[in-house]
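Here is a walk through a protein chain, one spot at a time. Keep the structure open beside the text and click along as you read.

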Amino acid sequence: MDTFFPKFSKKREGVNVIMEQKLLTSVSNLILNGQTCTGCGICAESCPEEAISLGLVGAVRRGVVDYAEPVNIDEKKCSYCGVCVVMCPFNSLTLKVDGEEALPIVEREGFPEYDMVTKIDQDKCVKCTICEDVCPRDAISREVPAFEGTVEGALEKQTVIAGKTTFTVDDEKCTRCGICSELCPAIDVKRKPFSAEFGAIVGDVVWDEKQCDACQVCVEACPEEAITVERAVESAKLSGKVEILEENCCTCTWCEINCPAEAITVEKIFEGDIEFNADKCPAGCSTCVEVCPANAIYLPTPKAAKDLKGENEPVIAVNKDFCILCGACVNACPGEDIITLTRTNIRVKGKETDLFLKIKDKLCTPRTSMVKEAAKDEVELKMMETA
């Protein structure tokens, strides 16, 4: 029997690829979620053992290739330190030691982590659906009650707005005719037994505040104008809470820019610039559009011939407000020198160790798309001189 250690293995379970290192006293597993991995390549550039390489990013993310992931991890080269887990901006990597999540590089050496700034001011937030709808990464948690007409068992509409309703009846005008109770379940006219002793209709008008939505129907229908209904709004905000799920957020700022109440603050973890050389882009490709995890790249709306004025119509463009400078588009681009990415800084918290500074230097080296493929199922980037 083979008893030599360490032992290595790699297997696929659903969307996950699991790398394993089995030592005599412990077992480490590095788990890659192939569904959430964008192929940004930050893990590959961060790996101190050079155990990670870029795969066929464009083909995998577009669904053309189903036998591989956007990145390849060599389970034998990997030291299972956790650097890639810390540096992955999409939380697509998980490290477990003996079945428990762990980050040895952070625990032992104090490796820095991303300084995530993702806040929603609950006092300003109006609980609308815009941030949830525009978020490209399902990073918004909107816990707001459903109201009648949307789902079964939802809250009544009159509970949407917090307020105080008052209902008064002028006894001198009211004849206890019962019209109001026929129209509204919140009102009950309780007449006393008819008696010749009184020779008149006697009773009370009973009102249930919980059922009243201050619709004013009783006021309008009362033939004696004996009813008054008033509603004072105490709070015009929907109940509930809207939050950003930090583990899903890529800091694209879609939510911040589009929040009508200016209640959201998001700061990008990467600083720098990206440029698209549309003249070199092969029209009709759109690979970068499909792989962009932030929905920042788009195909410009065609212009009318009369508006071009002798200029070439751009075939690709990026909205830099939403670009997170992850690099997925550069890695997936099948052309050369079409997209140029330059990072200038990385927002982190904690001590910037020597290892991190080396990684930061690599990540801040400008790079561009490169069509050359030197190895099967791998792609390369063209690294440029630091500006």
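Start at R61: apart from its neighbours within four places in sequence, R61 is in contact with G34, Q35, C37, T38, P70 and V291, where contact means heavy atoms within 4.5 Å. The residue sits in helix α2, which covers residues 57-61; helices here are DSSP runs of H or I with at least four residues, strands are runs of E with at least two, and both are numbered from the N terminus. R61 counts as partly exposed because its relative accessibility is 29%. On that scale, buried means under 20% relative accessible area, exposed means over 50%, and partly exposed is in between, using a 1.4 Å probe and protein chains only. The C-alpha atoms of R61 and G39 are 8.0 Å apart, although 22 residues separate the two along the chain.

A word on what you are looking at: this is a predicted model, in which local features need pLDDT of at least 70 and side-chain atom pairs count only at pLDDT 80 or more, while totals for chains, interfaces and linings use all residues. Residues are numbered from 1 along each chain as its sequence is written, and side-chain values use heavy atoms, with hydrogens and water left out.

Zooming out, the protein chain has 12 helices and 23 strands. Of its 387 residues, 41% count as buried. Among contacts with a separation of 6 or more, 66% are between residues 24 or more positions apart.

Now for a sheet. Five strands form an open sheet in the order β1-β2-β3-β6-β7, with antiparallel pairing. Its edge strands are β1 (7-13) and β7 (100-101), each of which pairs on one side only; pairing requires that DSSP finds at least two bridges between two strands.

Most residues other than glycine have a negative phi. Which residue has a positive phi of about 60 degrees although it is not a glycine? One is R176, found in the loop between β11 (162-169) and α6 (179-183). R176 counts as buried because its relative accessibility is 13%. D337 is also not a glycine and has a positive phi near 60 degrees; its place is the loop between α11 (328-332) and β20 (339-346). At 26% relative accessibility, D337 counts as partly exposed.

Next, look at R367 in strand β22 (residues 367-368). Is R367 buried or exposed? It is buried, with a relative accessible area of 3%. Its side chain makes polar contacts (N or O atoms within 3.5 Å, one able to donate a hydrogen and the other to accept it; residues adjacent in sequence count only if both atoms are side-chain atoms). The side chain of R367 reaches the backbone oxygen of K362 at 2.9 Å and the backbone oxygen of T365 at 2.8 Å.

Last stop: V217, in helix α7 (residues 217-221), which is partly exposed at 40% relative accessibility.
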